[in-house]
Amino acid sequence: MKREYMLDDVIAAISTPMGTGGIGIVRMTGAGCIELADEIFIGRKKLTEKATHTLSYGKITDGKDGEVIDEVLVSVMKAPQTYTKEDIVEINCHGGSLVTRRVLEAVLKTGARLAEPGEFTKRSFLNGRIDLTQAEAVIDLIHSKTELSRQAAVNQLEGRLKTAVREMRDEILDMIASIEAVIDYPDYDIEDETYGNMGQGATKLLAKMEQLLEGADRGKIIRDGLQTVIVGKPNVGKSSLLNWLLEEDRAIVTDIPGTTRDTVEEYLNIDGIPIKIVDTAGIRETGDVVERMGVEKSKAYAEQADLVIMMLDGSRPLEEEDKEILSFIKDKKTIVLLNKMDLEQKLSLEELEAFVPREQILFISVKKNQGFERLIDALKNMFMDGHTATADDALLGNTRHKDALYRAKEAMEHCLETITMRMPEDFISMDLQDANRALGEITGDTSDEEIIDRIFTKFCLGK
């Protein structure tokens with residue numbers, strides 16, 4: 001399957017962000033890339049004569065005898081001890097959009113092809129240096145928003161999930177081999193012993209799968225973050241809450257209703273949990289066209305959110321607009337914050353509890369900086385089962401991994417039923433093969449090309 005991909009050409013791309021910077025890097029990989037680089041490099045020695053993993057000072061030109069584009073340092077790394085297990089050349093030039101683009105154009109003129117998104121990492125996978133879980137860990141590491149999500153990505157990059165999955169696959173293959181031996185040599189079969197051993201093996205594997213799945217939801221939160229939206233009527237303290245959480249004046253706060261007309265998005269870290277928090281326009285009926293667009297956008301964000309934080313003014317009775325918002329978010333995971341706890345409370349809790357359970361209602365005062373620790377505890381209890389988040393929780397934080405492992409678990413449960421019913425050995429073997437195939441999708445050993453291509457299109461160019 002893997003060898004159907006094209007691996008015999010040289011690919012190139014800019015590997016650093018576009019814009020002004022100290023250094024820009026143009027990367028090439030593939031058989032013959034060092035020879036191609038020599039066509040545009042001027043230095044004391046040819047790059048093909050340099051030892052692997054060395055830097056060479058020189059100049060990059062626009063083709064043979066062409067104009068000098070820049071002074072550079074060129075890294076030469078020879079297969080197989082490289083990121084892709086192929087030859088790699090990295091041209092370190094001065095940063096800047098024009099310079100790096102001109103260097104890339106010179107490289108492409110030599111015959112290299114512009115790399116597709118994630119193609120360098122895809123070659124690393126196709127050449128067997130990493131498996132699919134480690135390839136996905138690369139993009140997780142790049143996009144990590146907290147120290148905990150970074151550590152979780154590093155654990156996966158080091159092969160923690162790959163090792164766990166392949167250990168289970170090895171056990172399944174051993175069971176399949178035992179069954180095949182029994183089928184081939186029926187005269188030596190001791191039926192009670194065979195079914196007993198198969199039952200023990202299936203039970204052990206099922207327990208391992210369930211243990212991995214147990215922390216999957218917590219892992220997804222650590223990996224992707226909580227999509228959180230702050231909603232409420234205008235002037236209840238939404239923007240003040242965002243500013244407090246961020247510890248900066250990110251959103252404009254005034255006494256004028258409708259000040260926030262568009263969404264304000266930021267990432268923050270709460271006890272290791274990355275949270276993408278969105279302060280929305282106050283939801284109300286309005287004749288202002290711009291504000292009305294903001295209100296519609298607020299509702300759209302609330303529909304997609306993992307968590308909705310509903311802000312209410314506790315010093316005022318519950319109004320019809322409040323009830324409309326509460327009805328709109330009734331099927332979402334919600335925390336209701338009653339702001340202005342420092343003032344006399346006029347909002348009826350009994351009336352509010354008709355929309356949301358009492359344990360999801362918290363009293364705070366943004367002005368007096370009171371009650372926010374309860375919000376932190378509520379987040380941990382609602383999404384982390386009260387646990388302190390750890391990098392181990394994120395071992396199965398990818399939705400694709402969770403889906404494949406769940407199908408492997410279902411196949412193993414069916415296998416255990418088949419064993420209990422003393423059905424023929426080849427039926428047991430079929431269930432085990434289904435479980436093995438599902439586990440193989442996690443590491444990429446049994447994934448089809450479409451899934452692999454879809455994963456790598458999420459990468460940036462040059463990685």
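Visitor: Let's start with helix H3: which of its residues are buried?

Guide: In H3, the buried residues are Glu119, Phe120, Thr121, Lys122, Arg123, Ser124, Phe125 and Leu126. Buried means under 20% relative accessible area, exposed means over 50%, and partly exposed lies in between, using a 1.4 Å probe and protein chains only. Helices (H or I, at least four residues) and strands (E, at least two) are DSSP runs numbered from the N terminus. Before we go on, note that this is a predicted model, where local features need pLDDT of at least 70, side-chain atom pairs count only at pLDDT 80 or more, and totals for chains, interfaces and linings use all residues. Residues are numbered from 1 along each chain as its sequence is written, and side-chain values use heavy atoms, with hydrogens and water left out.

Visitor: Good. What covers the buried residues of H3?

Guide: The cover includes S1, S2, strand S7 (113-114), H4, helix H15 (425-443) and helix H16 (449-456). Eight of the eight residues of H3 (residues 119-126) are buried, so the helix is largely enclosed by the rest of the structure. H3 lies across S1, S2 and S7, running at about 140° to S1. After H3 comes Gly128, whose phi is positive, near 85°.

Visitor: And the sheet: what is the order of its strands?

Guide: Two strands pair if DSSP finds at least two bridges between them. Here, seven strands form an open sheet in the order S3-S4-S5-S6-S2-S1-S7, with mixed pairing. Strand S3 (41-43) and S7 are at the edges with a single partner strand each, so one side of each has no neighbour in the sheet. Elsewhere in the sheet, eight bridges link strand S4 (residues 54-61) with strand S5 (residues 68-77) in the antiparallel sense. Look for Gly58, which stands opposite Val72 in S5.

Visitor: Where is Thr16 found?

Guide: Thr16 sits in the loop between strand S1 (11-14) and strand S2 (23-29). Thr16 is partly exposed, with a relative accessible area of 22%. Contact means heavy atoms within 4.5 Å. Setting aside neighbours within four places in sequence, Thr16 touches Ile23, Gly24 and Ile25.

Visitor: How should I read a helix pair? At what angle do H4 and H5 pack?

Guide: Axes are lines fitted to C-alpha atoms, for helices over the stretch in contact, and angles run from 0 to 180 degrees between N-to-C directions. Helix H4 (residues 132-143) packs against helix H5 (residues 147-157) at about 155°, with their axes 8 Å apart. That makes H4 roughly antiparallel to H5; the classes are under 35 degrees for roughly parallel, over 145 for roughly antiparallel, 65 to 115 for roughly perpendicular, and oblique for the rest. On the H4 side the contact is made by Thr133, Gln134, Glu136, Ala137, Val138, Asp140 and Leu141, and on the H5 side by Arg150, Ala153, Val154, Gln156 and Leu157. By class, that contact of H4 with H5 has six nonpolar, three polar and three charged residues. Ala, Val, Leu, Ile, Met, Phe, Trp, Tyr, Cys and Pro count as nonpolar, Asp, Glu, Lys and Arg as charged, and the others, Gly among them, as polar.

Visitor: How far apart are the axes of H14 and H15?

Guide: The axes of helix H14 (residues 399-420) and H15 are 8 Å apart, at an angle of about 170°. H14 and H15 are therefore roughly antiparallel to each other. Residues making the contact include Ala404, Ala408, Ala411 and Cys415 of H14 and Ile428, Leu432, Ala435 and Leu439 of H15. The contact of H14 with H15 divides into 14 nonpolar, three polar and five charged residues.

Visitor: Which way do the residues of S12 point?

Guide: In a regular strand the side chains alternate between the two faces of the sheet. From S12, Thr334, Val336 and Leu338 point one way and Ile335, Leu337 and Asn339 the other, and all are buried. With six of the six residues of S12 (residues 334-339) buried, the strand is largely enclosed by the rest of the structure. Strand S11 (residues 307-313) pairs with S12 in the parallel sense over six bridges, and Met310 has Val336 as its bridge partner in S12.

Visitor: How many residues of S10 are buried?

Guide: Six of the seven residues of strand S10 (residues 273-279) are buried, so S10 is also largely enclosed by the rest of the structure. Strand S8 (residues 226-231) runs parallel to S10, joined by five bridges, and Thr228 has Ile277 as its bridge partner in S10.
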